[in-house]
Amino acid sequence: MDLLTSLKISSSGLAANRKRMGAISSNIANAQTTRTAEGGPYRKKEVVFGAEPARDSFSEILEGELSENAKAVHATEVISTNRPPILKYEPNHPDANDQGYVAYPDINVMEEMTNMISASRSYEANVQAMNTTKNMAMKALEIGR
Amino acid sequence: MDVNDKTLKALSSSLNFRQMRQEVISANIANADTPGYRSKRVDFEAALARALDVDGNMSMKTGDQRHFDVGSGGFDNLKPEIFNDPNGVVSEDGNTVDRDREMALMAENKILYDASVQLLAKKLGLMKYAVQSQ
């Protein structure tokens, strides 16, 4: 039970949303990429969030109920597999297959933009939470002055 | 003036619980996009009012040394309740965090925290004055 844990939780939120933002900008930048190092078109990246206990040391976990309730967020980057590439008939394209089709990644730029706005808002909310926590800690230092 | 009076205890536990609430609200905001996360709430006001016992109705009267003193001295084992928000609207990924509501609750919590800090400072100032003035 301290304000530093709140800061840790908020910073986990910031890190998670930054990771999400990274994946989104990578998706937008590669919306037309037909060749990658692994071969084939670019695969859409997605970031999945999961909650995890904010306290890591054993004594902190023993502290009680709060540890299982105040959770930090953990982001994992995954390659989306449920979206097959879109085939477009472009026989003159260098990456066209034998039938003249080119595999483009199935990335909807509009969807990425809305995700980006959502990530940016989440980031701002976490910044706000962090500032509030910081102000509270600063205020506590004024006690007894 | 009793140095260990109820006011100081009540204010310090209020500060502790508001810190706790701030932590839980930060966790809710951080997990606003986590699938399946349920928004959490901290409730301590009722427990604090019981421990503070302004009107003296909460503690049992004891007339003998061997009687159990139920109700008073509650500041030491004061425990807030942490529970899933029952009013949360479940979104399609099972998340019940409403960001605007969390921000509003956080602002409210911060104001009341600041108020408690100010009251504590004033209370300590009074004591300081009582100690110093000759």
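## Salt bridge across the interface

A salt bridge is a side-chain nitrogen of Lys or Arg within 4 Å of a carboxyl oxygen of Asp or Glu. In this predicted model, B:Asp33 forms one with A:Arg20. Their closest N and O atoms are 3.0 Å apart, so the pair falls inside the 4 Å limit. The count between chain A and chain B is one salt bridge.

## Polar contacts and the chain A side

Six residue pairs are in polar contact across the interface of chain A and chain B, with both residues at pLDDT 80 or more. On the side of chain A that touches chain B, the elements giving two or more residues are α1 (3-29), β1 (45-53), α3 (65-69), β2 (71-79) and α4 (109-140). α4(A) gives the most, with 13 residues. By type, this side of chain A divides into 14 nonpolar, 16 polar and eight charged residues.

## Extent of the contact

Chain A brings 38 residues to the contact, and chain B brings 31 residues. The size of an interface is often given as the accessible area lost when the parts come together. Here chain A and chain B bury about 2800 Å² between them. Carbon and sulfur atoms account for 65% of that area.

## Cavity

A search of the whole structure finds one cavity of 30 Å³ or more. The largest cavity holds about 60 Å³ of space.

Its lining includes A:Pro41, A:Tyr42, A:Arg43 and A:Lys44. A:Ser80, A:Arg83, A:Pro84 and A:Pro85 also line the largest cavity, as do A:Pro105, A:Asp106 and A:Ile107. These lining residues divide into six nonpolar, one polar and four charged.

Conventions
Residues are numbered from 1 along each chain as its sequence is written. Chains are lettered from A and ligands numbered from 1 in the order in which they are written. This is a predicted model: local features need pLDDT of at least 70, side-chain atom pairs count only at pLDDT 80 or more; totals for chains, interfaces and linings use all residues. Side-chain values use heavy atoms; hydrogens and water are left out. Contact means heavy atoms within 4.5 Å. Buried area is the accessible area (1.4 Å probe) that two parts lose on being put together, summed over both. A polar contact is a pair of N or O atoms within 3.5 Å; within protein, one must be able to donate a hydrogen and the other to accept it, and residues adjacent in sequence count only if both atoms are side-chain atoms. Helices (H or I, at least four residues) and strands (E, at least two) are DSSP runs, numbered from the N terminus. Ala, Val, Leu, Ile, Met, Phe, Trp, Tyr, Cys and Pro count as nonpolar, Asp, Glu, Lys and Arg as charged, and the others, Gly among them, as polar. On a 1 Å grid over the protein atoms alone, a cavity is a set of points where a 1.4 Å probe fits but cannot get out, and a pocket is an open set with protein on both sides within 12 Å along at least five of seven lines; lining residues have an atom within 4 Å of a point. Grid points are joined across faces, edges and corners, and a volume is the space filled by probe spheres set on the points.
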